[in-house]
Amino acid sequence: MALWEAATGEDTVAGVPARFVAAPASTEEASEVLRAAAADDLTVVVRGGATKLDWGMPPRRADLIVDTRHLTGVVEHAAGDLIVVLRAGTPLASLDLPGQQLALDLPLPGATVGGTVATNTSGPRRQAYGTVRDLLIGITVVRPGGMVTRAGGKVVKNVAGYDLGKLYTGSYGTLGLITECAFRLHPRPAAQAVVLRTAPAAAIGALLAAVRAEQVVPAAVELDAPAQGPVTLAVLVEGTAIGVRDRAATLAKVLDGEVTDTLPPWWGAYPWTGEEAGLKLTAALSRVPDLLGCGVALRGSAGTGVLYAAVPAEGAPTVVERLRATAIRAGGHGVVLTAPPPVRDQVDMWGPMPGLALMRRVKDQFDPAHAFAPGRFVGGI
Amino acid sequence: MTALERLATGLRSALGAGRVISDRQELRTYECDGLAHYKVTPGLVVLPRDAAECARTVKACVEAGVPFVARGSGTGLSGGALPHADGVLIVTSKMRTIIEVAPDDERAVVEPGVINLHVTHAATPAGYYYAPDPSSQQICSIGGNVAENSGGAHCLKYGFTTNHVIGAQIVTPEGDLVELGGRAPDSPGYDLLGAFVGSEGTLGIATRVTVRLTRLPETVRTLLAAFRTTDEAGAATSAIIAAGVVPAAVEMMDALAIEAAEAAVACGYPAGAGAVLIVELDGPRAEVEAQFEQVTALCDGNGAFELRIAADPAERALFWKGRKSAFAAVGRISPDYIVQDGVIPRTALPEVLRRIGEVSRAHGVRVANVFHAGDGNLHPLVLFDDGVPGEADRAEEVSGAIIDLCIEYGGSITGEHGVGMDKAKYMPRMFTDDDLETMQLLRCAFDPAGLANPGKVFPTPRLCGEVPRRHKAGETTPAELF
C-alpha cells in the first residue's frame, strides 16, 4: 500500500497547496511515512482537525500533509490514577470520561488533541487547571526522519530527564509529529455557578482587583468587550454545591452582579470572524485593564492575563502595532494568530521575542533539514 | 600554570578576590550536596554577586574549556550539584535578593540563591505564598528548585515548580544572558523555560526567577488517620481521590517510619499503627468543611482505627513534625540509610509496598516508607550499617530493585530529587536510546561544548555534532572523566 496519496484542491495550508496526503493509523505507520518523506526530501505539515491550520505564517512549502484522522482513540484511561493517554487525532470533544475531565477548553469546535498541544490553546478554565503545558505529562513524537521518541511518562510527579513535552507544546508542528499524549485528569466538579456583571471599561480594573481580593478561588474570570460600549465580566466558580453557593453569593455582592447557572453565549470562543485578524494579547495581571478601550473587540481570560482581539482587515497593520505596543508595555506580548492573506503580508505575525537565537538552534537540532512546517513559526523557523 | 590557576587569576581580577576560592581546605566545604556518599573537591569555587558576574564566570570557563557546575544551598539529594574536580563550582548563595513582590500581578521576582520559604515570608503580608514546598524549604534555594523541578507535599493540588515558574533570566552554557518566559503567561516561541526547569544545571544557570504567587487559603484542615496496614491506608487514599476530592496533601508513613519519628521527635502518633495518613485540605471554608467530612468518613470506612483532627495550628504542626522529620529521624534507628525517590501510579501503592516488603525481607535489609501517597511519590528509606561487611551493597541492591519496581509499574525513577549523578545509570531502564538521544538534541542546542554540569542526568551523552547512531557505548567527553 502506498504511504501517501495525491493531494486534492482541498489540501492546502494557509493557501499553500500540498502535493501528497498521508493518514497513518499508528505511531509505527507514522514513523514509516516520515522515514520515506525524509528520504524523498519532502517538507511536512501536520494536520489534525484543521481548525488552526492557518495559524502562524504559511509554510514555505507543504509537500506532504500528515493527517491524524486515523490516529484516534483512548490508549489508556486509568481512572484511579486520574490519567489518560490519547492518540493525537482524537477530537477533544469526543472524550467521555465518567466523573472525570481533561480540563482543556475548546475554543474551536473540532480541535484534536494533537492540534491543541501543538498550538498550546486553552480557554477560560486555565485559571483553575492551567494550560496544556501544565496538564501534559507524557508525549510520543515521531521525529523528522522517522525516529519514535517519548518523554515524560504516565505519572503526574516525574522529573526524570528533560521535560520535552513542554518543548513540543506550542511548537506548531515544527519539531516533529505528535502521535500520543498523556494527560493528568481532574474530577468533574459537582456544581458550577457564574456571576455576571456589565460595566464600563474604566471600571473593570477595580472589579478584577476586587475578585482577586476575595477567597473565591474562581475557575475562570472572563471578559467580553465589544469594540464600543460596556464590558461584561463573567466569573465561574466550581466545587461542592454548598461551596459554590457561598462563593457565588460573595462574588455577586463584590461585583454587584447576577448569579446564573448558564454560561454566557460568548464563553470561551474567539471574538474574530474569518474576515478579521485574530490576536492574542497577554499582560501582567494588574495591567490587563490597559488592554481595554483600544477600540477593538476583546475577549478572554482576564484572570490570567490573556485576551484575544478581533482586528478588522482594513487598517489592520497600524492597529496590530498599537495593540502589540500596549501589550508589551503591560509586560506581555501581542501575537497575530490568524489573519486574512492580505493582512498577513503586511504585518509581523509573531512580534519581537527574546531567546530567538536559542530557538533557532533547537530547530536546527530537532529538524536539521528544516522539513517540518518550514517558515511557520517564530523568526521564520 | 594550569588552566584552573589561570582561570582563578583572571576571575579574581575581574570579580574581586573575595569571590574566588581556591584554598584546598576551603574548597572541601563544597565537596558534596545533600547526597553525601558522592564527594569530589571542586577545582575552584566562584561566588558571583549578580547575573553579570555569573555570566562572566561562565564565559571564562567556556574560554578555558573548563566545565562548571551550579550550586544553590547544596540540599540536593541526587548528587546534581556534585562538583567537578577539574571544574568550577558556581555557588549562588550571594545572590539572595528578593527583587520584587508584586501581589497585584501575583508574581515575585527573586535571585536564585533566595531560600524557598523566604519567598513565602515576603508574600504572606499581602495574603500570598509560594506554593512549591520541598521538605527542605527552610534551606533550599529557588535556583536549586528550578534546576531540579523539586516538589513537596502540596504538589498534588498545586502543581510542581515548573507550574509556578513563569520567567527566568539564565546564563546559557556559552555565557550569554537570555530571558525566557516573562511576567505574563504564554510567551511566544518554543517553551524553552519549560524545558529549562528540571534540566538539573545542564542547560545553564538561572540568575533571576519570576514565580507565581498563590493566594493563601481561607481555611486549612488537617487530619491524621491511623490504620493497621499500609494496604488500608492505600485504599483510603484511593477512595479519597475516587470521590473527586483533591486534597492539598496526602502523606503516608509506615510502621518503621513512625517508629523512627517517635524516637526522634516524640510526635505521639497513635500506638499500634501500621500506617498513618496525614490528609490536608485547604481552600474556601464551606468547600473545605464539606470535603473534610467526606474524607473523614472515607478514612473511617477504609479501616482507620483512630482519627485525629487538628484543632489548631499547633496540633497541625505536630502532625507534620513527624512527617517532616522522618528522613533525619531514621538516623535514630539505623546508622546509615539511602533515601530513594521513585514514583508509581497511585493505584499500585498497596501492591508495590507489598513487593518492597518482599525485596526487603529477601535481602535482610529494612525499608521504612514515608511518602507523598497522593501522587504516588515513594521515598523508601533503605536502612543499613556500613560497619557490617556487605550490608551497604545489599542496601544498594534493594534500592535499585525498588527503582525497577517503579519502572515495572509504569512510574518514574525520580519524582522530585532529580537524576543527578546518582541515577544517571537508571535512565536507560526508563527511556530507550532514541528517547535519550532526543534529549541530547536539546542539550546540544544549549550546550554544544558539553561544559554545563557534565556527567549528570545522562549516562553516556553523545557528543554534539556527532552523527546520530554512530555513537559508541561508554563514550564520554574528556570533561567527564573523573
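These are my notebook entries on the two chains and the contact between them.

I am working with a predicted model, where local features need pLDDT of at least 70, side-chain atom pairs count only at pLDDT 80 or more, and totals for chains, interfaces and linings use all residues. Residues are numbered from 1 along each chain as its sequence is written, chains are lettered from A and ligands numbered from 1 in the order in which they are written, and side-chain values use heavy atoms, without hydrogens and water.

**Annotation.** I looked up the UniProt record, an unreviewed entry, and found "domain: FAD-binding PCMH-type" on residues 13–188 of chain A. The name is shortened, positions follow the numbering used here, and the annotation may be inferred rather than shown by experiment. I noted 19% helix and 27% strand over residues 13–188 of chain A; helices (H or I, at least four residues) and strands (E, at least two) are DSSP runs, numbered from the N terminus.

**Contact.** I counted 75 residues from chain A and 82 residues from chain B in contact, meaning heavy atoms within 4.5 Å. The chains bury about 6100 Å² between them, 58% of it on carbon and sulfur atoms; this is the accessible area (1.4 Å probe) lost on being put together, summed over both. In chain A, Lys157(A), Val159(A) and Tyr162(A) lose the most area to chain B.

**Salt bridges.** I found 8 salt bridges between chain A and chain B, each a side-chain nitrogen of Lys or Arg within 4 Å of a carboxyl oxygen of Asp or Glu. One salt bridge joins Arg361(A) and Glu174(B), with the closest N and O atoms 2.8 Å apart. On the side of chain A that touches chain B, α11(A) gives the most, with 7 residues.

Conventions: Buried area = accessible area lost by both parts, 1.4 Å probe.
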